[in-house]
Amino acid sequence: MSDANFIDTVTQESLHSELPDKSPVSTLRQEAIARIRHSLRPGQQQMADWNSGPLAVSAVPGAGKSTGMAAAAAIAIARQYEQKALSRTFSRRQLVVVTFTRSAAANIKAKIRKYLRDDLSLPQTGFVVYTLHGLALNIANRHPDLSGLQLENVTLITPTQSHRFIRTAVEQWIAKNQHSYLRLLEGSQFDGEETERLRRQSVLRTEVLPDLATTVIHEAKSSGLSPEDLQKWSQQTVDAYAILSVAAGLYQEYQNLMRSRDFIDYDDMILAALRVLENDSARRIEQNQVFAVFEDEAQDSSPLQTKLLEILASDLVEDMETQGHGDRSSSVPASPPLSVSPSSSSPINLVRVGDPNQAINSTFTPADPIYFRQFCAQCDRLRKLATMDQAGRSTRIIIEAANFTLEWINNFYGVKLQQSSHDSISSLPFRPQRIRPVDTGDPQQDANPAAVGRGLELYTPRDIHHTVELLSKRVIELFTPDPSKVSAAVLVRENRQGRWLAEALEPICKEHQITLYDVGERDRRSQIPQEILALMQFCDRPHSPDYLKAALEVLVERQLIPTQDLNALASLPEEFLYPGPLTPPQSETVQKAAHLCRSLLRARLELPIYQLISFLALTLNYDQAELATADKLAERVNQQIAGNSSMGAMLSALSEIVSSERFEAVETEDLEARYTRNGQLTIITMHKAKGLDWDYVFLPFLHENLIPGRFWVPPQSQFLGNFTLSEVARAQVRAALHNESRIPEVSQAWEVAKHLKTAEEYRLLYVAMTRAKRLLWMSAAQKAPFTWSKPENLQEQAPCPVFPALKRQFPECVLSLATVLN
């Protein structure tokens, strides 16, 4: 699915034909706006009251920020229509709404359209909804000469640690930097033994350096930093390995490779859009199409993404240098200066909505909640900070537990922060912000619902097997009266926990006719790229028995042909596909299979090659989410083979995707229905559960070794020291970006990295707790595996530190074994 599918543009005809300037219409519209506003909570009303300038909206979990943003967007569009009608002028200015995922974009677009159509009787236009990268690509594509992107000539990649470009960059850096490489090879100590040397070489080439390259390239590039910037910063550090210098070299080799092959990554999209906006004329063109920018999930934005939105949201058309937006080769400010001065005649029209307390991606992506926190602080000084602290999702005891968890963790780590001497360890894990129940008469149906049981239940099972017994017993009790009215989920920290738990719960759920849905298993079994590849290989070589059989297996799996002896069909491909006069008569099921296969071959001959994947997806009767994923796959493959559109090139690109890289399925509007449908027990990771909710949420295996966990240095790379190069480099880069007084040395940077990891893990727990509506079930077994790759090896495990505190704070919610047995 293309981001273009999320665009609604305004045409001159629609404006003049559908917007009469009669005052009765204006009066009725003002009344409609008032009704929308009246239906909102106080925090949402602050967003709806926005007219111009910057506005930060800090929203607690369950506060209804997407509904508030959609209502505010519709009201802003209505006011813009009124201004156009009153001035009797035509303007192409639109509201730009930016969100994190395509599914979120589709969801908020539908809500805005509904407000415009049903409540305001306005055309469903005047706004665009993008993902951040979709917005950047759109700008870059409109100005290819300025952006430097010729989409027909470039290939988009997602560099991972195993990507061939990363591996090639590592090898080229080693070849050019033998002295630095040998220093890494020596590590903290080395006796010169040849077997150990070979082992270390393998670890450095396949693990340590690819990990360092992947982390730093993404971190630096998303902040507008060049390899030269990193080299300059490395001169401020003194460490035996010159980690930042090594990272800069890897980054330079990667950039050279990308340029030589006409490849781009997602950060290049943002950089290309910013190159466009450095041009005065192009910047005026883009800004004159925008009257405001609304951003959702702002806590997950990177510095460059923030910079892009702020430029678009500005009415100023002065030279970029006066705004602090210089040449991209120089260091980009961590948080570009905002034109938010009350005396400014043209402030930025930017509304940013987010929750710093739900920032759970910052330790493995460049997302850094500090920038949204800074924006909130700036807006607060200008009295432009709205707080959506009322939430109707959860029952009161769950809200109390979440608030207590937040405050206890901040107090617990506040003491440690006072003892820290480094600038980077200066922020608490959470922004102090309590969740409040909604007021009486709130429009949300069943807001702050009644608790089921005690609302909060805290268990300490003997071990993980006892955990399954207690959890399954409670699930059966909850599902027994009427499963169709129950939504429940088990949230786990790791996919390995989910896999083990699904196997343990499957026979119990089957016995009691409870649907068990393991999200991780579905993701693991996502076969779309493999299925498409199998059919494409058959279309390319239909005479191959292996390819024919693989294609038939796909058709059987998709229930397009009946189950039959595929080996018999595939043994003689020619006779099966094109039976001659002497061929024995085929049965009806064989004829159906042959007919479908011949239709695939006919499509191969008649359709352009770039349409084949979409055709095959339709042939396989993919559902909405699968079609979107197939569209994404087609876009990626077609971009990779641009300039060499052949069947061989397409098969090569598909084979690489299937064999070497993980391909993420597209999440569409039905995401919530898939994961939260009634009558189903869903097993899902805490990360994937963000944005969802269930009546009953189970949080087992809450142990200290996972939450907050600790940074673990793999044994094979401990010859370098008790730290990892990638995390040290990330902490050093962020310290420099935050304009701290100095870049931390290795030991300090490692401590900073550990603090960031701890804070994020606690925020993840907070997110998990606030998914529950009526019952939150939490447990920490006395015995659990040290690593879930070996769940059979049980040992005593300490609980997550906040778990005993919850038991002390809510003693009435602690269930003893005797209570459970009774």
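Of the 822 residues of the protein chain, 56% count as buried, where buried means under 20% relative accessible area, exposed over 50%, and partly exposed in between (1.4 Å probe, protein chains only). The model is predicted, and local features need pLDDT of at least 70, side-chain atom pairs count only at pLDDT 80 or more, and totals for chains, interfaces and linings use all residues. Residues are numbered from 1 along each chain as its sequence is written, and side-chain values use heavy atoms, with hydrogens and water left out.

The protein chain exposes about 34600 Å², of which carbon and sulfur atoms supply 49%; accessible areas come from the Shrake-Rupley method with a 1.4 Å probe, and for residues only the protein chains shown count as cover. Among contacts in the protein chain with a separation of 6 or more, 79% join residues 24 or more positions apart, a contact being heavy atoms within 4.5 Å. The protein chain contains 34 helices and 16 strands. These are DSSP runs numbered from the N terminus, with helices (H or I) of at least four residues and strands (E) of at least two.

Strand β13 (residues 694-699) is mostly covered, with 6 of its 6 residues buried. Two strands pair if DSSP finds at least two bridges between them. Strand β10 (residues 487-492) runs parallel to β13 and is joined to it by 3 bridges; Val490 has Phe698 of β13 as its bridge partner. β13 also pairs in the parallel sense with strand β14 (residues 772-779), over 5 bridges, and here Val697 stands opposite Leu776 in β14. In a regular strand the side chains alternate between the two faces of the sheet.

Helix α31 (residues 725-737) is likewise mostly covered, as 13 of its 13 residues are buried. The expected span of a helix is 1.5 Å times one less than its number of residues. For the 13 residues of α31 this gives 18 Å, and the end C-alpha atoms are 18 Å apart, which agrees. Just after α31, Asn739 takes a positive phi of about 60°.

The structure holds 0 disulfides, a disulfide being a pair of cysteine sulfur atoms within 2.5 Å. For Cys597, the closest cysteine sulfur is that of Cys539, and the 8.8 Å between the two sulfur atoms is too far for a bond. Cys597 counts as buried because its relative accessible area is 0%. Cys509 is also buried, at 4% relative accessibility.
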